Amino acid sequence: MPRPMSVTGTVGLLLMAAAVGGCGVGGKLGAAACPALKPEASAFDANFSANAAVNGKLRAFTQSAKDMAWISGQMEAEVASACRRMGLDLGIPAQEMQPQKGLGGAAAGACEPVAATIDAILRQGIRLWVTVVPPECQANASAASRCAGVCDMSSDNECRATCTAHANVHAACRPAQVSVRVMQGAEQAGALVATLQANLPALIHSQLALGQRLSSDAQVVAQVGKALPRVVGDAGAEALACIGAGADLAAQASVRLNVSMRASLTVSSRVTGS
């Protein structure tokens, strides 16, 4: 059993050892130029080049870029939803939790007012005792195997990077476990404790199982996309369009993951001290 930690006005976060391992879709313009980016399409089935090695490399990259765009959108939505639920539980009007501009803006707009409200509650002298067992994730072996079937992970650096990202996105994760107890100020802390117990697991999952675990993968996929035009030879116009759109998607996903992670941390750090 994890051993709780307590501090005045906030709480300590107990992190048990978490495994690091490895779930994107392009906008209308990207999908128009690159049909493989459409939600209903599988990039693993696309035909970009008569050269089998180049074709496999482009398939793996395009699918991984889709994956990153999808999972970053999922994370932003998950963080925003958790913060909005917390805000409503704590009496924050919905209009004060509207999305901000930019990637990750839904998460930032929802979480910042919640963090400020939690600060105000904790200043009343409340002491909480919280334990958190973070999520544990394992990369999806089936996803890795399918990607390896179209792209040579053993000897191709681009294939290895994008197939690893694909497997990490589709990882199976054990949910975070959270326990919240009041040590002092129970009367004032009721709503806060209830909403933390209900919603902190989603925030911890987003931070660790998605943002922290996948942000570097998104950056790597974007870097692969930037390098691909120099290594794919005579791939046609559609392939080049997919490379450009995919690189943009992966770069945007990296930003969205990090902004959403910071938004989640803005709230969770108020009650975990980390």
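Which cysteine does a disulfide join to Cys 147? In this predicted model, the partner of Cys 147 is Cys 163, with an S to S distance of 2.0 Å. Residues are numbered from 1 along each chain as its sequence is written. Because the model is predicted, local features need pLDDT of at least 70 and side-chain atom pairs count only at pLDDT 80 or more, while totals for chains, interfaces and linings use all residues; side-chain values use heavy atoms, with hydrogens and water left out.

The structure holds five disulfides, a disulfide being a pair of cysteine sulfur atoms within 2.5 Å. With bonded cysteines counted along the chain, the pattern is 1-10, 2-3, 4-9, 5-8, 6-7. The link of Cys 147 and Cys 163 is left-handed, because the torsion about its S-S bond is about -80°. Cys 147 lies in helix 4 and Cys 163 in helix 5, so the pair ties together parts that are 16 residues apart in sequence; helices (H or I, at least four residues) and strands (E, at least two) are DSSP runs, numbered from the N terminus. Cys 147 is buried at 0% relative accessible area, and Cys 163 is likewise buried at 0%, where buried means under 20% relative accessible area, exposed over 50% and partly exposed in between (1.4 Å probe, protein chains only).

Cys 34 and Cys 242 form another disulfide, their sulfur atoms 1.8 Å apart. This pair links distant parts of the chain, 208 residues apart: Cys 34 is in the loop between helix 1 (28-33) and helix 2, and Cys 242 is in helix 7. A disulfide also joins Cys 137 to Cys 173, and this link is right-handed, with 110° about the S-S bond. Cys 137 is buried at 6%, whereas Cys 173 is partly exposed at 26%.

A search of the whole structure finds six salt bridges, each defined as a side-chain nitrogen of Lys or Arg within 4 Å of a carboxyl oxygen of Asp or Glu. One of them pairs Lys 57 with Asp 156 at 2.5 Å, N to O. Lys 57 in helix 2 (residues 52-89) and Asp 156 in the loop between helix 4 (141-148) and helix 5 (157-169) are 99 residues apart. Lys 57, Asp 156 and Glu 158 are linked in a network of salt bridges.

Helix 7 also contributes to such pairs. Arg 256 forms a salt bridge with Glu 76, the closest N and O atoms being 2.9 Å apart; Arg 256 lies in helix 7 (residues 237-272) and Glu 76 in helix 2. Asp 119 and Arg 270 meet in a salt bridge at 3.0 Å, N to O.
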